[in-house]
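User: Hi! I'm new to this one and would like to talk through its charged side chains. Could you show it to me?

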Amino acid sequence: MPSVLGLLEAREKKVREEIARLREEAERVQATLGEAERALQRLVDARVTVAEVLAEPPSAVAESARSTVVRAPVPHRAEGMTASVLAPDYQRIVSVLESEAGRDGMRCQQLATALGLEVIPAKVEGLRSKAKRLVERGWALQVRPGVFTAPAVPAG
């Protein structure tokens with residue numbers, strides 16, 4: 001006949017194993033609960049943001065959409081346009097080409113030096129690409145192969 005102490009020890013061992021199993025399950029449930037709570041918070045935040053956007057007057061939404069449109073860094077030049085419509089890198093190039101140094105035309109290596117850039121192939125080729133884009137859009141002239149200048153501004 002088994003002893004009472006032996007039966008109690010066996011029962012105690014079973015209960016300890018059950019507690020360990022339940023703790024592991026509780027940790028797993030806590031982790032899953034945390035993930036679900038984070039997902040819920042993201043959805044709540046998204047809903048609030050959408051509600052705020054939809055609550056704005058239509059003109060504010062349209063204006064916001066218009067202001068985020070990416071414009072071309074080099075638009076086609078039209079009468080009365082100034083270089084201020086260009087992206088900053090292109091403004092600097094046009095400024096140098098319009099200066100006294102650029103009046104007779106500049107090679108891209110000279111242009112790189114004037115802009116304070118390293119005269120290395122990568123920089124020079126990048127400038128050549130930008131200068132050619134300026135020529136295509138009417139902001140510069142290529143007076144001979146590889147030589148760029150600003151177009152003459154009509155008097156009056």
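Analyst: Let's start with E125 and R128, whose side chains meet in a salt bridge at 3.2 Å, N to O. By salt bridge I mean a side-chain nitrogen of Lys or Arg within 4 Å of a carboxyl oxygen of Asp or Glu. This is a predicted model, where local features need pLDDT of at least 70 and side-chain atom pairs count only at pLDDT 80 or more, while totals for chains, interfaces and linings use all residues. Residues are numbered from 1 along each chain as its sequence is written, and side-chain values use heavy atoms, leaving out hydrogens and water.

User: Where do E125 and R128 lie?

Analyst: Both are in helix α5 (residues 121-136), three residues apart, about one turn of the helix. Helices here are DSSP runs of H or I with at least four residues, numbered from the N terminus.

User: How many salt bridges does the whole structure have?

Analyst: The search finds six. Another one links E25 with R21, with the closest N and O atoms 3.2 Å apart.

User: New topic: what lies over the face of Y90?

Analyst: K130 does, at 5.8 Å from the ring centre. A charge counts as over a ring if NZ of Lys or CZ of Arg is within 6 Å of the ring centre and within 35 degrees of the ring normal.

Note on methods
Helices (H or I, at least four residues) and strands (E, at least two) are DSSP runs, numbered from the N terminus.
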